[in-house]
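Welcome! Here is a short briefing to read alongside the structure, arranged by topic.

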There are 2 protein chains.
Amino acid sequence: MESKVVIENFLDKKLQELLHVKVEKLDHGIKTGIIKFFEFHGFPAMQFKKDVGVMETGTVIYFRNKIEVIRGFPKIRRTLMLSPTIKNHFKGKIALEEKMNGYNVRIASIGDEIIAITRRGYVCPYTTKKALEIMNLKDFFNDNPDLVICGEMLGTENPYVAHYYEEIGDIGFRVFDIRKKVSNEPMPIKEKTELLEKYNLPVVRLIGIYEVNEASPIIKKVIKEIGSVGREGIVIKDPSMEVPPLKYTSSEAHADELRYAFTYPFDFGRDFFFSRVIREGFQAFEMKENKEELEKRARRLGEAILYPMVDTIKNVASGDTAGEDLIIDVDNEEEAEDFLHYLHDLGVFAVILKFEGNKAVIRKIHQSTTDKITNYINGGLY
Amino acid sequence: MESKVVIENFLDKKLQELLHVKVEKLDHGIKTGIIKFFEFHGFPAMQFKKDVGVMETGTVIYFRNKIEVIRGFPKIRRTLMLSPTIKNHFKGKIALEEKMNGYNVRIASIGDEIIAITRRGYVCPYTTKKALEIMNLKDFFNDNPDLVICGEMLGTENPYVAHYYEEIGDIGFRVFDIRKKVSNEPMPIKEKTELLEKYNLPVVRLIGIYEVNEASPIIKKVIKEIGSVGREGIVIKDPSMEVPPLKYTSSEAHADELRYAFTYPFDFGRDFFFSRVIREGFQAFEMKENKEELEKRARRLGEAILYPMVDTIKNVASGDTAGEDLIIDVDNEEEAEDFLHYLHDLGVFAVILKFEGNKAVIRKIHQSTTDKITNYINGGLY
C-alpha cells in the first residue's frame with residue numbers, strides 16, 4: 001500500500017518530468033490499460049503495451065530504491081528501395097550491420113538482478129537464464145548500470161523464432177545496440193564495438209562502413225550474398241547513431257516468413273502476406289532482374305505460400321492439430337513448466353510434448369488454423 | 001413534396017409488410033445512409049447500400065404507379081472443398097452451370113422502361129443501352145412484368161470486367177437466374193431454360209445435371225478443363241432452386257484475379273489476396289496433386305503476384321500513372337462523357353483517352369497505387 005502511494009505521488013509529479021510525457025497522457029494510458037502495473041519480485045513495475053507520447057511500446061519501469069526506466073526498442077523503419085533512399089536519409093557515411101533472424105531482447109540490471117526483456121516488455125524467464133548462461137554480463141553491468149544491451153537471441157533452441165545459423169547452433173546472442181536507460185540514447189557504432197570487446201560480449205557482424213554515395217550497389221551485392229546462404233538482411237546505420245537506422249531484407253527472408261505464415265494461414269497469413277510481397281516487387285524492380293531471375297523469384301514466392309499451406313491441410317485432414325514444435329534447453333521439467341505458464345500468461349496455447357535429457361519439446365497450438373481447416377474439409381462454406 | 005408524404009406514410013405502414021423488414025430496421029437504415037433515396041426519371045426511388053433485414057445489398061425500390069421492388073442479387077457462398085460439401089449441402093440432384101467472368105446485372109421493367117442494374121443497385125446507362133441492343137427484351141417483359149432477369153454482362157467492351165470469350169467477343173450477355181420482384185424467388189432450372197428459349201434470350205451454359213453422390217469427381221474434371229482454357233468456374237445449383245447455390249472456381253481464375261489485383265497492388269492487393277490463395281491451397285489438396293502439378297500451381301501463383309507488380313512499378317517509375325484502359329462502344333462522344341459522369345458519381349476517377357469511330361477508350365486511374373509507388377521509388381520509407 002505504501003508503495004502505491006509512492007507511485008501515485010510519483011505519477012502526478014516526477015514521472016512526467018522524467019519521461020517527458022504529459023501527466024494526462026500517462027493517466028489516459030493507465031485508464032485504458034495501455035500502461036499496465038504489475039509486480040516483479042516483490043516490487044511494483046509498469047509496462048507500456050503501446051506507445052505513450054515518446055515512450056515506445058515495450059517500455060518497462062521498475063520502482064525499487066532507484067527508478068529504472070528501460071525504454072522499448074524503437075521500431076526500425078524499412079526501405080523498399082536502396083536508391084535513392086539511402087542518399088536521402090543518411091549523410092556522409094553509413095555502417096552496414098547484419099540483421100539476424102531471432103527475437104529482440106533487451107538486457108538490463110535492476111537492483112542486483114540482471115533481466116532479459118522481450119520486445120513487448122515481458123521478462124522472459126528462459127531468455128533471462130540463457131542470456132546469463134551464454135554471456136558473462138556481471139562485469140558489464142557492475143561497471144555500466146545505466147546501460148541497456150539490445151540484441152537478438154538466436155539459434156534453434158530459442159522458443160520464439162528458431163533459425164539455424166552455423167556459428168550459433170542451439171542458442172546464441174548478438175548485441176546490436178547499447179542504449180541508455182531513461183533517454184534510450186544509442187551509443188555510436190565505434191564506442192559500442194569497443195565497449196563490447198572490452199567485456200568480451202558478442203556483437204553483430206559489422207559488414208563495413210561506406211560512403212553514402214557508394215553504398216547502394218554494395219548493399220545490393222551484400223543482400224544477394226546474404227540471401228543466397230539463407231540469411232535475413234541488413235540494418236543500415238549512421239555511425240554516430242544520430243540518424244535513425246533503416247532495415248532491408250533478402251528475398252529468401254521474405255520467402256522464409258511467408259513459409260512460416262502459410263504453415264498457419266488462418267493465424268498469420270493475412271497479416272504477414274501483403275508487406276512481404278510488396279518488398280519482393282520493389283526488390284525485383286530495383287535489382288533490374290532478367291527473365292530467369294524474375295522466374296526464380298516468382299517460383300520462390302509461389303512455393304513459399306502454397307507448399308506449407310497444402311502440407312498443413314494434409315496434416316489437419318489426417319487428425320493432427322496445426323502446431324509448431326519448439327525445443328528448449330532446461331535443467332528439469334519444472335523449468336519447462338514454468339516457461340509454459342509464462343506462455344499461457346501471454347495468451348499462447350502450448351503443451352509439453354516430451355521431456356528427455358535436458359531438452360523439452362513444446363508444441364504451440366495454432367487454434368484458428370486448426371479449427372478453420374477442420375471446418376472447411378468437413379464441408380463448411382467459405 | 002407530395003410524393004415525399006406518400007413515401008413517408010408508406011414507410012411507416014406498408015413497406016415493412018411488403019418487404020418483411022421491421023420499420024425500426026428501415027428507419028435505422030435511412031438514418032445511417034444505408035438506405036439512400038434518389039430520383040430516377042422524375043420518380044422517387046430507394047437503394048439499399050447494405051443488407052437490411054432480409055433485403056440484400058443492391059435492392060432498389062421504385063415508387064411509380066406501382067411500387068417495384070427489385071431485390072439485390074443474393075451472395076453466392078463459396079466452397080473450398082467439393083467433397084464432402086456438395087453431398088452435405090444438396091439432396092438428390094445438382095445442376096452444374098458455368099460461371100463466367102463479367103459483371104452481375106439485373107434487368108427489369110419499371111413502368112414502360114427496361115433498365116439494367118449493377119450489383120450494388122445503380123442503373124448503369126451503358127449497360128442498359130447495351131442490354132437492349134444485344135437482346136430483344138420487350139416481349140419478355142411485356143408478358144412477364146414481375147420477373148427480373150439476372151445475368152452476366154461479358155466481353156472485352158464491357159467497362160467493368162473485360163474478359164475475352166470466343167463466343168462473346170466485344171460484348172454479350174448470359175442469363176443465369178430469373179427471379180420474382182419483391183420475393184426474389186428464383187425459377188427452377190428447367191422452367192428458366194424453357195422460358196428463355198421461348199423468348200430467344202441467351203442462357204448460361206448448363207454443363208449437366210448429376211446425382212449428388214457422383215458429382216464431385218465430375219466437377220473436378222470440369223474445373224480442370226474450364227481452367228485449362230482460361231475460363232472461370234462453375235455454379236452448383238439445386239435444380240428446383242430451393243437450396244442456395246454454391247460457387248467453385250479454377251486455379252487459372254484465381255491467378256487472373258491476383259494478376260489484376262497486383263497490377264494495382266495498393267488499391268486491391270490486400271483485399272484480394274488472402275481468399276484467392278486459400279482457395280488454391282484447398283484445391284491443390286483436394287486434387288491430390290503430384291509434385292509437377294503442385295510446382296505448376298505454385299509458379300502460376302507466384303508469377304500472378306510478382307510480374308504485374310514489377311510491371312506497374314516500372315511504368316510508374318517511367319512517369320505513367322497506374323491506370324486501366326477500357327473500351328466502350330458508343331454512338332457519340334457525349335455518350336462516353338455521360339458514362340464518365342456516371343463513373344465519377346460512383347467515386348471512380350477516369351478520363352477519356354481517345355474517341356475514334358464509335359469506340360471510346362477510357363482510363364480508370366488507380367490513385368493509391370500511383371501515389372504510393374511514386375513515394376517509395378523517390379525514397380519514402382515503408
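Over residues 93-249 of chain A, the chain is 27% helix and 34% strand, with its end C-alpha atoms 20 Å apart. UniProt, in an unreviewed entry, lists this span as "domain: RNA ligase". Please keep in mind that the model is predicted.

- A further UniProt annotation, again from an unreviewed entry, is "domain: RNA ligase Pab1020 C-terminal", and it covers residues 260-380 of chain A.
- Residues 260-380 of chain A are 62% helix and 17% strand.
- The end C-alpha atoms of that span, residues 260-380 of chain A, lie 25 Å apart.

## How the two chains are related

- Two copies of a chain are related by a rotation about an axis and a shift along it.
- Here, a rotation of 180 degrees with 0.0 Å of shift along its axis superposes chain A on chain B, and the RMSD is 0.0 Å. This is the relation of a two-fold axis.
- Which residue of chain A comes closest to the rotation axis? That is A:Gly302, whose C-alpha is at 1.9 Å.

## Where the chains meet

- In the interface, 48 residues of chain A are in contact with 48 residues of chain B.
- About 4300 Å² is buried between chain A and chain B, and carbon and sulfur atoms give 80% of that area.
- Three residues, A:Phe274, A:Leu381 and A:Tyr382, supply 18% of the area that chain A buries against chain B, more than any other three residues.
- The copies meet through the same surface, because 100% of the interface residues of chain A are also interface residues in chain B.

## Aromatic rings

- A pair of aromatic rings is described by the distance of the centres and the angle of the planes.
- Over all chains, the count comes to 40 aromatic pairs.
- One of them joins A:Tyr103 and A:Tyr160 edge-to-face, at 4.5 Å centre to centre and with 80 degrees between the planes.
- This pair links distant parts of the chain, 57 residues apart: A:Tyr103 is in strand β7 (residues 103-110) of chain A, while A:Tyr160 is in the loop between β9 (147-154) and β10 (172-180) of chain A.
- With a relative accessible area of 8%, A:Tyr103 is buried, because buried means under 20%.
- Another edge-to-face pair is formed by A:Phe282 and B:Tyr376, with 5.6 Å centre to centre and 90 degrees between the planes.
- That pair crosses between chains: A:Phe282 belongs to helix α10 (residues 265-286) of chain A, and B:Tyr376 to helix α13 (residues 367-377) of chain B.
- Are A:Phe282 and B:Tyr376 buried or exposed? Both of these residues are buried.
- A:Phe282 and B:Tyr376 also belong to one aromatic cluster, which includes A:Phe262, A:Phe273, A:Phe274, B:Phe262, B:Phe266, B:Phe273 and B:Tyr382.

## Cysteines

- A disulfide is a covalent bond between the sulfur atoms of two cysteines.
- How many disulfides does the structure hold over all chains? The number is 0.
- A:Cys124 is in no disulfide, and its nearest cysteine sulfur, that of A:Cys150, is 16 Å away.
- A:Cys124 counts as buried, at 0% relative accessibility.
- A:Cys150 is likewise buried, with a relative accessible area of 1%.

Technical notes
Residues numbered from 1 in each chain as written. Chains lettered and ligands numbered in written order. Predicted model: local features only at pLDDT ≥ 70, side-chain atom pairs only at ≥ 80, totals over all residues. Heavy atoms only, no water. Disulfide = S-S within 2.5 Å. Buried < 20%, exposed > 50% of the residue type's maximum accessible area, 1.4 Å probe, protein only. UniProt positions renumbered as here; feature names shortened; annotations may be inferred. Helix = DSSP H or I, 4+ residues; strand = E, 2+ residues; numbered from the N terminus. Least-squares fit on C-alpha atoms with pLDDT ≥ 70 in both. Contact = heavy atoms within 4.5 Å. Phe/Tyr/Trp six-rings, centres within 6.5 Å; stacked < 30°, edge-to-face > 60°. Buried area = accessible area lost by both parts, 1.4 Å probe.
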